[in-house]
Amino acid sequence: MNEFEIRRNRLLDRMDENSVCLLFSGVSKIKSEDSTYPFLSNRHFYYLTGIEQENSMLILIKGICENHVYLFVDEYNEIKEKWTGKRLTFDEARYISGVNNVNSTNALDSILSLALAKEDNQYGAISTLYLDLSPEIKIRESTSTNELANAIRKKYSHLEVKNIYEDITRLRMIKSKFEVDSIKEAIKITQQGINNLIINMKVGQYEYFLADNFEFYGRSHNRTNLAFDTIVASGKNALCLHYPTQNSQIKGDDLVLFDLGFAHKGYAADISRTYPISGTFNEVQRDIYEAVLNCNKALIEYAKPGLTLLDLQNFASDFLRSECIRLGLMDESEDIRKYYYHSCSHHLGLDTHDCAIRSLPLEPGNVITIEPGLYFANNGIGVRVEDDILITSTGAENLSIGIQKEINDIERLFKMKG
Ligand SMILES: [Mn+2]
């Protein structure tokens, strides 16, 4: 069965009887004048359809004895394709999504009003409409799903409008084999890109050279795109967690923090590594790096079903705090949040910071990051070591175990390249 069909069936199982779920890919966002930001379908919509095109919609109908699924995409437009690239035909949309019933977006209103009508109809007597009411989904340039919900409440007073966001989030939190394999592949390409970076790292380079080098590697070897904007931060720039500028020249004794990843079939890898540009850690760099690395490894050892992300964060804070005191990097009286000011984990999937209900205990099939870090303004050192792990029935499997993070391995690799 088509992967997207399996997901739709799971969502249909969660829906009330006599209900309709209506989802939107969203519309392009204007950047300025007639230019738009690159379009990405709303990820909940994509998760259920595989369709990456603006102005597309999905209707799931759960009747008493029968379910119906309709997909709506814009009619194929040759002129538009000539200007802005590939447009989906109905057949292509059908093939990708596994939805047999593909219609023009113009047909949405008539099918929807038929299904939502108060009288019994071919779908039964629908009493619930589900919408994804996360505030960011624009179904037209000026209309959000929340505004649509209000309009529908007015027009169909017999309907209860419910938010489906959390149901789809719960499905997305448990990864299928296809999803885990896609993340593994994304990590594999990311690992190759990092190996290539090590070969090319040299004192005196600019950060942008390494960022571009990484992106070029993915594009030229696997035609892979980035999962998120690459972070290359040397020296004190690493104190900014999402350092965006990449325009500093890397000095001879700098550590370079990389936070990067490619996507495969839409699924992200999210890896951080911190390497010395010279190929050798100095004493204080080594102390800090080892504290973070030990914390990373202890967290992976600790992670298992039943714990929450907050449990992991508390573990990381306590661990880093005692390491910093032991190494004389902070006083007992200080707050570790001065040197460790982010969280150690987030879910990973179609989004790099994947949708999640963070209070839920971990379950087998969750994929999360493990990314402790330490940042010292006084000596311009920022270190983060991030792996991607799969929660299993007994603990966790490190999916990025092959990407070098031991000091000996890193220093040996730099020596080998001369
Ligand atoms: Mn991350």
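**Metal site**

In this predicted model, the manganese ion is coordinated by Asp270 through OD, His346 through NE2, and Glu371 and Glu386 through OE, at 2.0 to 2.3 Å. Along the chain, the donors of the manganese ion follow the spacing D-x75-H-x24-E-x14-E. Aspartate 270 is placed in the loop between strand 14 (267–268) and strand 15 (271–276), and glutamate 386 in the loop between strand 18 (381–384) and strand 19 (387–391), so the pair ties together parts that are 116 residues apart in sequence. Aspartate 270 counts as buried, since its relative accessibility is 3%. Glutamate 386 is likewise buried, with a relative accessible area of 0%.

**The loop between strand 11 and strand 12**

Asparagine 237 belongs to the loop that runs between strand 11 (231–234) and strand 12 (255–260). With a relative accessibility of 13%, asparagine 237 is counted as buried, because the limit for that class is under 20% relative accessible area. Its side chain forms a polar contact of 2.8 Å with the side chain of glutamate 207. When neighbours within four places in sequence are set aside, asparagine 237 is in contact with Glu207, Tyr243 and Ser248.

Glutamine 246 is also found in the loop between strand 11 and strand 12. This residue is buried, with a relative accessible area of 15%. Its backbone has a positive phi of about 55°, although glutamine 246 is not a glycine.

A positive phi is also present at glutamate 33, where the value is about 45° and the residue is again not a glycine. Most residues other than glycine have a negative phi. Glutamate 33 lies in the loop between strand 2 (30–32) and strand 3 (35–36). Glutamate 33 is exposed, its relative accessible area being 73%.

**Cysteines and histidine 44**

How many disulfides does the structure hold? The number is 0. Cysteine 21 takes part in no disulfide, and the nearest cysteine sulfur, that of cysteine 355, is 14 Å away. Cysteine 355 is in no disulfide either, the nearest cysteine sulfur being that of cysteine 21 at 14 Å. Cysteine 21 is buried at 1% relative accessibility, and cysteine 355 is buried at 9%.

Cysteine 355 is among the residues touched by histidine 44. Histidine 44 lies in helix 2, which covers residues 43–49, and counts as buried at 2% relative accessibility. Its side chain reaches the backbone oxygen of tyrosine 165 at 3.2 Å. Leaving out residues up to four places away in sequence, histidine 44 touches Asp132, Tyr165, Ile168, Thr169, Arg172 and Cys355.

**Burial of selected residues**

| Residue | Relative accessibility | Class |
|---|---|---|
| Aspartate 270 | 3% | buried |
| Glutamate 386 | 0% | buried |
| Asparagine 237 | 13% | buried |
| Glutamine 246 | 15% | buried |
| Histidine 44 | 2% | buried |
| Glutamate 33 | 73% | exposed |
| Lysine 154 | 76% | exposed |

**Helices**

Helix 8 comprises 24 residues (residues 177–200); at 1.5 Å a residue it should span 34 Å, and its end C-alpha atoms are 35 Å apart, which agrees. The buried residues of helix 8 are Glu179, Val180, Ser182, Ile183, Ala186, Ile187, Ile189, Thr190, Gly193, Ile194, Leu197 and Ile198.

Lysine 154 is located in helix 6 (residues 145–155). At 76% relative accessibility, lysine 154 is classed as exposed. From lysine 154 to cysteine 65 the separation is 89 residues in sequence and 28 Å in space, taken from C-alpha to C-alpha.

**Domains**

Which domains does the domain assignment of the chain give? The assignment gives domain 1 (3–172) and domain 2 (174–417). The C-alpha centres of domain 1 and domain 2 are 36 Å apart. In the contact between them, 12 residues come from domain 1 and 14 residues from domain 2.

Note on methods. Residues are numbered from 1 along each chain as its sequence is written. This is a predicted model: local features need pLDDT of at least 70, side-chain atom pairs count only at pLDDT 80 or more; totals for chains, interfaces and linings use all residues. Side-chain values use heavy atoms; hydrogens and water are left out. Helices (H or I, at least four residues) and strands (E, at least two) are DSSP runs, numbered from the N terminus. The expected span of a helix is 1.5 Å times one less than its number of residues. Buried means under 20% relative accessible area, exposed over 50%, partly exposed in between (1.4 Å probe, protein chains only). A polar contact is a pair of N or O atoms within 3.5 Å; within protein, one must be able to donate a hydrogen and the other to accept it, and residues adjacent in sequence count only if both atoms are side-chain atoms. Contact means heavy atoms within 4.5 Å. Donors are N, O and S atoms within 2.8 Å of the metal (3.2 Å for Na, K and Ca); water is not among the atoms, so sites may look incomplete. A disulfide is a pair of cysteine sulfur atoms within 2.5 Å. Domain bounds come from an automatic or database domain assignment.
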